[in-house]
Amino acid sequence: PTNEAQVSVTETSKTTKTLSKEEIVSVLKEYDGSGLGVLTTKQCLAAMRDLSQTGMSDSECQQFVQSASSTCSDGNGKIKMEEFANQLALEVKKK
């Protein structure tokens, strides 16, 4: 039984590298209540928590969202969903 649990953890960690941009966008859209393709930092952070496959800790998620808030900003304090998804997909591939 212990070996099965270890295999499960290993398989889960392997899925971190298969998270596609499309899967990320799909989850982000659930948080885009306005339908405008922009999200707040809180919405991005909540979406990342839903995307447990990122393999990122909570503090890493917070740092990533803070960084994205400056690089993916629409100029009005919102994060552009497509740009955020692109950056997150690239970050997940690094893990």
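## Leu90 and helix α5

Leu90 lies in helix α5 of this predicted model. With a relative accessibility of 53%, Leu90 counts as exposed, because the threshold for that class is over 50%. Along the sequence, Leu90 and Ser20 are 70 residues apart, yet their C-alpha atoms are 9.3 Å apart in space.

Asn86 is likewise found in helix α5. Its relative accessibility is 36%, so Asn86 counts as partly exposed. From the C-alpha atom of Asn86 to that of Cys72 the separation is 9.9 Å, and the two residues are 14 positions apart along the chain.

## Overall organisation

The secondary structure of the chain consists of five helices and two strands. Their order along the sequence is α-α-β-α-α-β-α.

The chain has 95 residues, of which 29% count as buried. Among contacts with a separation of 6 or more, 59% are made by residues 24 or more positions apart.

## The buried face of helix α3

Helix α3 spans residues 41-50, and within it Cys44, Leu45, Ala47 and Met48 are buried. Viewed down the axis of α3, these buried residues fall within an arc of 160°, and they therefore line one face of the helix.

Several elements pack against the buried residues of α3. The helices concerned are α2 (21-31), α4 (58-71) and α5 (81-94). The strands β1 (38-39) and β2 (79-80) also take part in this packing.

Thr40 is located in the loop between β1 and α3. Thr40 counts as partly exposed because its relative accessibility is 25%. Thr40 and Val65 are separated by 25 residues in sequence, and the distance between their C-alpha atoms is 9.6 Å.

## The packing of α2 with α3

Two packed helices are described by the angle between their axes and the distance between the axes. For α2 and α3, the angle is about 130° and the axes are 9 Å apart. The two helices are therefore oblique to each other, since an angle over 145 degrees would be needed for roughly antiparallel. The crossing of α2 past α3 is right-handed.

On the α2 side, the contact is made by Val27, Leu28 and Tyr31. On the α3 side, Gln43, Ala46, Ala47 and Asp50 take part. By class, the residues of this contact of α2 with α3 comprise five nonpolar, one polar and one charged.

## The packing of α4 with α5

The axes of α4 and α5 come within 10 Å and cross at roughly 135°. This angle makes α4 oblique to α5. The passage of α4 past α5 is a right-handed crossing.

Helix α4 contributes Phe64, Val65, Ala68 and Thr71 to the contact, while α5 contributes Glu83, Phe84, Gln87, Leu88 and Glu91. The contact of α4 with α5 contains five nonpolar, two polar and two charged residues. Val65, one of the α4 residues in this contact, is also the residue whose C-alpha atom lies 9.6 Å from that of Thr40.

Notes: Residues are numbered from 1 along each chain as its sequence is written. This is a predicted model: local features need pLDDT of at least 70, side-chain atom pairs count only at pLDDT 80 or more; totals for chains, interfaces and linings use all residues. Side-chain values use heavy atoms; hydrogens and water are left out. Buried means under 20% relative accessible area, exposed over 50%, partly exposed in between (1.4 Å probe, protein chains only). Helices (H or I, at least four residues) and strands (E, at least two) are DSSP runs, numbered from the N terminus. The arc is that of the directions from the helix axis to the C-beta atoms. Contact means heavy atoms within 4.5 Å. Axes are lines fitted to C-alpha atoms, for helices over the stretch in contact, and angles run from 0 to 180 degrees between N-to-C directions. Angles under 35 degrees count as roughly parallel, over 145 as roughly antiparallel, 65 to 115 as roughly perpendicular and the rest as oblique. A crossing is left-handed if the near helix is turned anticlockwise from the far one by less than a right angle, and right-handed if clockwise. Ala, Val, Leu, Ile, Met, Phe, Trp, Tyr, Cys and Pro count as nonpolar, Asp, Glu, Lys and Arg as charged, and the others, Gly among them, as polar.
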